[in-house]
Protein chains: 4
Amino acid sequence: MNTPIRLPEGKLGVLTVGLGAVATTLIAGVFAIRKGMEKPIGSWSQLGTIRLGKRTENRNPLVKDFVPLNDLDKIVFGAWDIFNENAYESALHAGVLKRHKHLDPLRKELEAVKPMKAVFSSSYVKKLNGTHVKTGGTKYDQAMELMDDIRSFRETSGCDRCVMIWCASTEVYLEPSDVHQSLDKFEQAMKENDPSIAPSMIYAWAALKSGVPFANGAPNLTCDIPALEELALVMNVPIAGKDFKTGQTLMKTIIAPGLKARALGVRGWFSTNILGNRDGEVLDDPDSFKTKEVSKLSVLDNILEPDKHPVLYKDLYHKVRINYYPPHGDNKESWDNIDITGWMGYQMQIKINFLCRDSILAAPVVLDLALFLDLAQRAGMSGIQEWLSFYFKSPHAAKGLPPQHDIFKQLMKLENTLRHLQGEDLITHLGLDYYQEFIEA
Amino acid sequence: MNTPIRLPEGKLGVLTVGLGAVATTLIAGVFAIRKGMEKPIGSWSQLGTIRLGKRTENRNPLVKDFVPLNDLDKIVFGAWDIFNENAYESALHAGVLKRHKHLDPLRKELEAVKPMKAVFSSSYVKKLNGTHVKTGGTKYDQAMELMDDIRSFRETSGCDRCVMIWCASTEVYLEPSDVHQSLDKFEQAMKENDPSIAPSMIYAWAALKSGVPFANGAPNLTCDIPALEELALVMNVPIAGKDFKTGQTLMKTIIAPGLKARALGVRGWFSTNILGNRDGEVLDDPDSFKTKEVSKLSVLDNILEPDKHPVLYKDLYHKVRINYYPPHGDNKESWDNIDITGWMGYQMQIKINFLCRDSILAAPVVLDLALFLDLAQRAGMSGIQEWLSFYFKSPHAAKGLPPQHDIFKQLMKLENTLRHLQGEDLITHLGLDYYQEFIEA
Amino acid sequence: MNTPIRLPEGKLGVLTVGLGAVATTLIAGVFAIRKGMEKPIGSWSQLGTIRLGKRTENRNPLVKDFVPLNDLDKIVFGAWDIFNENAYESALHAGVLKRHKHLDPLRKELEAVKPMKAVFSSSYVKKLNGTHVKTGGTKYDQAMELMDDIRSFRETSGCDRCVMIWCASTEVYLEPSDVHQSLDKFEQAMKENDPSIAPSMIYAWAALKSGVPFANGAPNLTCDIPALEELALVMNVPIAGKDFKTGQTLMKTIIAPGLKARALGVRGWFSTNILGNRDGEVLDDPDSFKTKEVSKLSVLDNILEPDKHPVLYKDLYHKVRINYYPPHGDNKESWDNIDITGWMGYQMQIKINFLCRDSILAAPVVLDLALFLDLAQRAGMSGIQEWLSFYFKSPHAAKGLPPQHDIFKQLMKLENTLRHLQGEDLITHLGLDYYQEFIEA
Amino acid sequence: MNTPIRLPEGKLGVLTVGLGAVATTLIAGVFAIRKGMEKPIGSWSQLGTIRLGKRTENRNPLVKDFVPLNDLDKIVFGAWDIFNENAYESALHAGVLKRHKHLDPLRKELEAVKPMKAVFSSSYVKKLNGTHVKTGGTKYDQAMELMDDIRSFRETSGCDRCVMIWCASTEVYLEPSDVHQSLDKFEQAMKENDPSIAPSMIYAWAALKSGVPFANGAPNLTCDIPALEELALVMNVPIAGKDFKTGQTLMKTIIAPGLKARALGVRGWFSTNILGNRDGEVLDDPDSFKTKEVSKLSVLDNILEPDKHPVLYKDLYHKVRINYYPPHGDNKESWDNIDITGWMGYQMQIKINFLCRDSILAAPVVLDLALFLDLAQRAGMSGIQEWLSFYFKSPHAAKGLPPQHDIFKQLMKLENTLRHLQGEDLITHLGLDYYQEFIEA
């Protein structure tokens, strides 16, 4: 990492696929922060600090003062959506933000964010029916139209660089297949309208081909395939994914490492969710749920490693349920029951009830990913950005590398990557030297 | 750390102050493990693995195979208690372990563990009234008697080395005072029966003076004073403390770092406990509770660092309650309500209900501390062992160093200390090399 | 009710269909009570009291001292089951009762209870595969075999009267059809092996035809059809059903009347269950779950009456989930989230976590039903016994009468029925007279 | 009850002692209902229905259509408070109602409700310091001033009748003493400024003396003393109390009767509350808490009657805690753990987490009490109104009568009283006749 990081000049364009609850919450939030109405709570890139050097040096700058991130004042937003509603209208429908307090004062700015027509097919998201969509042509043609959209957006918004983030619904479950194995085959398949090419892949291809970093906030396969990994390297563009880590899985990747740290056994982990937003509706379709379930289930095995700790985890029964429950709207609520085993086999239970707000947790994740992907690109880092695993339920890692789900190892990786980029010592928390000095004194 | 670690030869004597619920659960467990009846669940030293080298090297030995720990088969137990009940009788009264399944099959071995007379004064633990106590003489004289006890124990049990662990009740709140500031003053105060010298200090002094490492499992001041820190260095003996991290605080130090990692605000954290064992009864006394409360309250401030993150934590309202509730016996149950703040100030709540078993969680902590303190001594490490912070609610750190409460940083510190002792690379979770190789290939 | 109640002479035979977790828990419990090892906790008939007359009269006899119930010492047990295990073996497998404490001391008596061969077809309970079943012949022939079983049981056990209780699994969902509309059609259908005749109906028919009262502890249709209602009247035998009210639904019928009493609105009620016993396994089959779901869902509408209280309940979203979760075994756990609306439309939430034990709650319900059905028969009451609604999730009521689910109205009905049987004044809780006397004084 | 009930003519004056969270929530709500903005949710008098006659008659009028209650359109509000803020200002400070949605549209009406100067002494409520208080004179003189206030209010508001409801803070614990035993002694003590005469008693005396019914919403002794019971009869005025039943105790009186109905044992019941409003602050004072604790603790014993059911309840350990927790404001939250015992002594647990809103639950209780006390007076009922027990944590009953806490018996009593007043048959839920007709048909 000897090349200096290019500084963020001009404006950064943040393009979201989907202008629904998550995207509008992000956009309204950034506008509110610019006006001094709110602080960027939930954004580690904005409010987090990073320790440098020894504890006694007391160097703990804000992350955003430590690495050259794009400033929040210099972001422009663009989006695609299957409904032709501007960000104000869509935010009203989403019901996440308070109208009097947060939407009306930002109405003008929000109304100016109008969605471009989406690439969409209800074969991939069965519960939705879009009306504001690109029609005609092959998947390859649609990708070309997206590239045109990106070009126009750059010109009209006058931004210097762009990033694209998938903030749309979960697609039906797809296994990687032959057409995903190389870029050539993939592009051929696009031209032939192969059903293995999901809309999210078309977006990702168009982004990468346009030199735009791409992050995938849903559990869809999308760019977690050799073809698009290859394209990212060819184009020298960073990619990251997949599935924003919020709510229940966030808690799971916080707590499971803690139980493992203490060598406590886990016999069962039952997780249920109730939520009433569009996401909940989409996940009522078993095919979309399967995609999500696979993403959610993998977490525990990876963290607890039953093969390495058979006494503790070999019989772990893990069950995840998602229930569409309209009375809660966007206020997703999770309930977990964890059956743990302690000394001499005695049983204990932990029950966690998280009354969360889905989009409120997701919005700052989108912001951080946009800023860090942009940083990565300016730092010359391309392909899979495993150091951003911190933000994902199913971290995208190099082939053959087990993904890291433990949020604390993810954070360590994130922090040490930034330290490394800026030439600071990596932190190991060894700290024996404090005591050696003490002894010698 | 160039001196090789002396290997554990002969037997290790584990001396517990208190032969109550925690100690008898430990002892019965070790006996059950030796007989193959149970596995050492909850003991990181026995079941934990430690990653060495790069992820792709797949080197993950068990901790106990990596560093030369004393074997469980070569432990002998001794104890002091204020009641003259052997370990079998005391375990029956404690009601932690199942009689048919776990006590009767071990009856003979347990009955052989008989307590020595305790140093005790009900001025320091108001709810208890001991009958099996040393009487007469000054505090200094009592310390001498304890040293005699240690000597006799060594002889009769034939052990090579000893460690002492405080597994007794919480004493009333004491502030460090003048007599605690140097070893000379301390020893003078012992001779003068100064009320600032609590029983736990007498035990610690006797241990250190006998060359026996000492760990403090309660929130008492004990050896967290300059006088005993000095003695530990003089005698070249390791010490660690204080207050075993189990139950609610364990969960707190797991979850708080997770919230902070995500830059989520915390407005309030309400923690209540119900428990019905002797510990609960002792803590019903406001003076003992104060000692515990101070220990429990410090955790959040240290992890969240409101001064560094005023937007997120400056208004944090933290309240901890402990309620004596006999119906639950040793089955301590905690309930936490955490009020968190997300993007744009929206409020969320996390509620955690932990149905735990106090002694079941504490016993393997005692075991690990005994084994690691013994390791430290054989490795020539003396004084405060901050790398054992992992096991404590109020980690004892060098003067001027803020204690580290984040359990994941504590684990990192513990693991990297072991790697360091064995000459392995420290782990930083950077991992960029996997991707550079990928790129170059 | 002028005819005096015939006193319980001789022994009562309690015949359970199914000798699984519920039946063996009942049987072991009755044996334990007889030996003075336990008290009949959970049995209102044994431990409940009933107020008679005015409050100031202080007449509150035990229920069992007020009405002439069969004595627990004079019960003999019989059962049918699809597995050939005696009650001791089956109880061990069920894992409900502690072996050392409760099964071994009763081993001899339990081993003496051996199941008769069951009428069974896996078309009606898809997840089970019985081996100890009657084969060959039509459904009518099987019913005849059951009547022979009853006759033999009476003779060998020497009992004076019998009752039969369905304690077996939930059958697949059946709608009432033409063959259920009259006794003639029903008996013809039995002879023709009509698939509308489920095994539980064959048992019920055989019981009634033998003059044996019948209660249905599962949500199956069973005797909730005109044909068997007719047979009950013809034979002068009482019947009651259906689906034992335990666990989550018990709580629901306690809490919903309370919310309604206070005119609090309910927008949503989400109920989830985790359980790992055979019942959970059977309900993993969607067809069996449907039968259960219909039974569980009807409760709220009946209690809250949205048509009479549209402002409060017309938008109620009620969802019930059951999840097979093996780590919990018979320890069924429910979690409910209730979204309630108060003054000026403000929202509140109630969350209930019930860590229950399925068979422990069900066993005393079976006992009470057996004793009260026997009482009813001796009192000359035949047909549907609506006053036993108290014990059921889906109370069987006369055609055209809405079933009463409110547990407090059910209790009132139960108590006033007993008062009525014994010629005591019914209680109305008016109580103005206390104050009129006061005023006049 | 042969005298016909006088119809409500003219306007009803509702006088609240205290114009804080509860009173302003009530007042704003009534204004909002009048304007058609909201429905009177939580008010049984307005939205409840009452069944008349047999189930098959289908007669279920609204309560307010069945008995002649004062109309919501014909209420005028008055109040005393220790702070000189009008209802708009006070409601803003209380933070219960949404400003944009509920306070600003009603601003004019709310501002018109201005408090009269209060009778107050911080000896009785230690955490508050009022500034808008009557000064000088004896307690008797202050009572006279209150009577003047009532007279002026009647004149300026033009109301026909008044009721007074204590909606102010909990006073310190007082035992009934000699001066409370007769009206003469009481009035003498007022003149002598006896400390046994608390401010709430002065209000009650002034109300009764003015012919105004009085209800006590706090756990203070107030009119639960012979002197004021006597005055109520002398003046022919109804009284009711004490301590509005909301939140945790409401749930307790719903659930405890359910457990008892099923003869389930209760070994322990731990109840904790967190709340951050003025009420929480006041209860942080141990003397005020004691008053509340006595009120809250009596509930279980009365419902479960351990003396009648020693097997089930004799060892019940009941603990109630209230914690001041500012982050929650008026959003009182309770958590209960109930340890129950079932068949053969097996243990189960119920945990209830109620996220409630204190004033939202209390406001409609105040409304119903005002309307029913007014009804009682028009019906010629004087003295203690035990039939209003439904609304209180510590129901005021005639001397020697155990108060009834079971909410379902309370509701029965309330309903049957109304049926009795209107000459309808009392309901007993016997219902055997439905089946006798069936049999005969």
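Q: What makes the relation of chain A to chain B that of a two-fold axis?
A: In this predicted model, chain A can be laid on chain B by a turn of 180° and a shift of 0.0 Å along the axis, with an RMSD of 0.0 Å. The superposition is by least squares on the C-alpha atoms of residues with pLDDT of at least 70 in both copies. That is the relation of a two-fold axis. In chain A, the C-alpha nearest the axis belongs to A:Ile352, at 2.3 Å from it.

Q: How are residues, chains and confidence limits treated here?
A: Residues are numbered from 1 along each chain as its sequence is written, while chains are lettered from A and ligands numbered from 1 in the order in which they are written. As this is a predicted model, local features need pLDDT of at least 70 and side-chain atom pairs count only at pLDDT 80 or more, whereas totals for chains, interfaces and linings use all residues.

Q: What relates chain A to chain C?
A: A rotation of 180° with 0.0 Å of shift along its axis superposes chain A on chain C, and the RMSD is 0.0 Å.

Q: Why are the copies said to meet through the same surface?
A: Of the interface residues of chain A, 99% are also interface residues in chain B, so the copies meet through the same surface. For chain C the corresponding value is 100%, so the same conclusion holds.

Q: How many residues of chain A are in contact with chain B, and what makes two residues count as a contact?
A: Two residues are in contact if their C-beta atoms, placed from the backbone, lie within 7 Å. By that criterion, 75 residues of chain A are in contact with 74 residues of chain B. Helix H16 (residues 407-421) of chain A gives the largest share of the chain A side, nine residues. Helices (H or I, at least four residues) and strands (E, at least two) are DSSP runs, numbered from the N terminus.

Q: Which classes of residue make up the side of chain A that touches chain B?
A: That side has 42 nonpolar, 23 polar and 10 charged residues. Ala, Val, Leu, Ile, Met, Phe, Trp, Tyr, Cys and Pro count as nonpolar, Asp, Glu, Lys and Arg as charged, and the others, Gly among them, as polar.

Q: How many residues of chain A are in contact with chain C, and which elements give two or more of them?
A: Here 18 residues of chain A are in contact with 18 residues of chain C. The elements of chain A that give two or more residues are strands S7 (265-275), S8 (317-324), S9 (333-341) and S10 (347-355). The largest share, five residues, comes from S7(A). By class, the chain A side divides into seven nonpolar, five polar and six charged residues.

Q: What makes S10(A) and S10(B) a pair?
A: Two strands pair if DSSP finds at least two bridges between them. A:Asn353 stands opposite B:Lys351 in S10(B).

Q: Why is helix H9 (residues 199-209) of chain D called mostly covered?
A: A residue is buried if 20 or more other C-beta atoms lie within 10 Å of its own, exposed if 12 or fewer, and partly exposed in between, with C-beta atoms placed from the backbone. In H9(D), 10 of its 11 residues are buried, including D:Met201, D:Tyr203 and D:Trp205. The buried residues pack against several elements of chain D, among them strand S1 (12-17) and helix H7 (139-157).

Q: Why is chain A described as being as compact as a globular protein of its length?
A: Chain A has 17 helices and 11 strands. Its radius of gyration is 22 Å, close to the 22 Å that the globule rule gives for 441 residues, so chain A is as compact as a globular protein of that length. The radius is taken over C-alpha atoms, and the rule is 2.2 Å times the number of residues to the power 0.38. Of the 441 residues of chain A, 60% count as buried.

Q: What is the predictor's confidence in chain A?
A: The mean pLDDT, a confidence in each residue from 0 to 100, is 92 for chain A, and 98% of its residues reach 70 or more. Over residues 437-441 of chain A the pLDDT is below 50. The model scores ipTM 0.93 and pTM 0.94.
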